[in-house]
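I opened my notebook for a structure I had not looked at before. Here is what I looked up, entry by entry.

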Amino acid sequence: MVKGRKHQINLNSPVGELQVSGCEKGVHTITITVETAERCCSDLSCHPAELKPELQHCVKWLQSYFRSAESVSSLRLPVLHHQLLQEDSFTACVLRTLQTRVPVGQTVSYKQLAEMVGNPKAIRAVGGVMRRNPVPLIVPCHRVVCSSGASGRYMGGRGDHIKQWLLFHERQEH
């Protein structure tokens, strides 16, 4: 669907329907529709030829991730074009740090992530950033867990089963 210069595509995935939006500059958002998460599908399906190159790359990246989580380690990350990631802010720093320093198959606690960005007392603020992550999967907020080892709430608690699936998907290859 094209709205001016912004594009959106809906993709079926093993964790539910993904709504990916963006423009010629990159991906704006990825939304996981919880209501469809129970309908497991083995592949993402769409017609990427109609999309701008950066969204085509995002679709290919997501397809690769769901086939084999480890495979994306060697792929270029999709270009992200969301205001939260364009700023020089605490939020952008946390999201970029998570994206670049916590690889597939590993987890980090909220406390560890706060320490990684140089603000060890900002544990709750890191949790707030995870809740506002506009591009889950590409910025892997599912890899952030509680210090106790508990997985923590995902998508406000509505997507806890999705977080468990994603973590299992990544760990089974390691």
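**Entry 1: a start in a loop**

Is M155 buried, partly exposed or exposed? I looked it up: M155 is partly exposed, at a relative accessible area of 21%. I used these classes: buried is under 20% relative accessible area, exposed is over 50%, and partly exposed lies in between (1.4 Å probe, protein chains only). M155 sits in the loop between strand 6 and helix 6. Its phi is near 60°, a positive value in a residue other than glycine. Most residues other than glycine have a negative phi.

I found another positive phi at L137, near 80°. L137 lies in the loop between helix 5 and strand 6. Its relative accessibility is 1%, so L137 counts as buried.

**Entry 2: ground rules**

I noted that this is a predicted model, in which local features need pLDDT of at least 70 and side-chain atom pairs count only at pLDDT 80 or more, while totals for chains, interfaces and linings use all residues. Residues are numbered from 1 along each chain as its sequence is written, and side-chain values use heavy atoms, with hydrogens and water left out.

**Entry 3: the whole chain**

I listed 6 helices and 6 strands in the chain. Helices (H or I, at least four residues) and strands (E, at least two) are DSSP runs, numbered from the N terminus. Their order from the N terminus is β-β-β-β-α-α-α-β-α-α-β-α.

The chain has 174 residues, and 48% of them count as buried.

I then checked contacts, meaning heavy atoms within 4.5 Å. Among those between residues at least 6 apart in sequence, 59% join residues at least 24 apart.

**Entry 4: the strands**

I followed strand 2 into strand 3. They run antiparallel and are joined by 7 bridges. Two strands pair if DSSP finds at least two bridges between them. Strand 2 and strand 3 form a hairpin with 2 residues between them. L11 has L18 of strand 3 as its bridge partner.

Strand 3 also runs antiparallel to strand 4, again with 7 bridges. These two form a hairpin with 2 residues between them. Here S21 has T29 of strand 4 as its bridge partner.

Why is strand 3 largely enclosed by the rest of the structure? The reason I noted is that 6 of its 8 residues are buried.

**Entry 5: the core**

I looked for the largest nonpolar core and found 43 residues in it. Such a core is a set of buried Ala, Val, Leu, Ile, Met, Phe, Trp, Tyr and Cys residues joined through side-chain atoms within 4.5 Å. V20, L62, L98 and M130 touch the most other members. Elements that give two or more residues include strand 2 (6-13), strand 3 (16-23), strand 4 (26-33), helix 1 (53-67) and helix 3 (90-101). Helix 1 gives the largest share, 7 residues. In soluble globular proteins, nonpolar side chains tend to be buried together.

I picked V20 and left aside its neighbours within four places in sequence. Its contacts include H7, I9, L11, V27, I30, L55, C58 and L62.

**Entry 6: helix 1**

Helix 1 has 15 residues. Its first and last C-alpha atoms are 21 Å apart, close to the expected 21 Å at 1.5 Å a residue. The expected span is 1.5 Å times one less than the number of residues. Its buried residues include L55, C58, W61, L62 and F66. Among the elements that cover them are strand 2, strand 3, strand 4 and helix 6.

P53 is also in helix 1. P53 is exposed, with a relative accessible area of 58%.

**Entry 7: helix 6**

Which residues of helix 6 are buried? I found I162, K163, L166, L167, H169 and E170. They cover an arc of only 160° around the axis, so they are on the same side of helix 6. The arc is that of the directions from the helix axis to the C-beta atoms. Their cover includes strand 4, helix 1, helix 4 and strand 6 (144-145).
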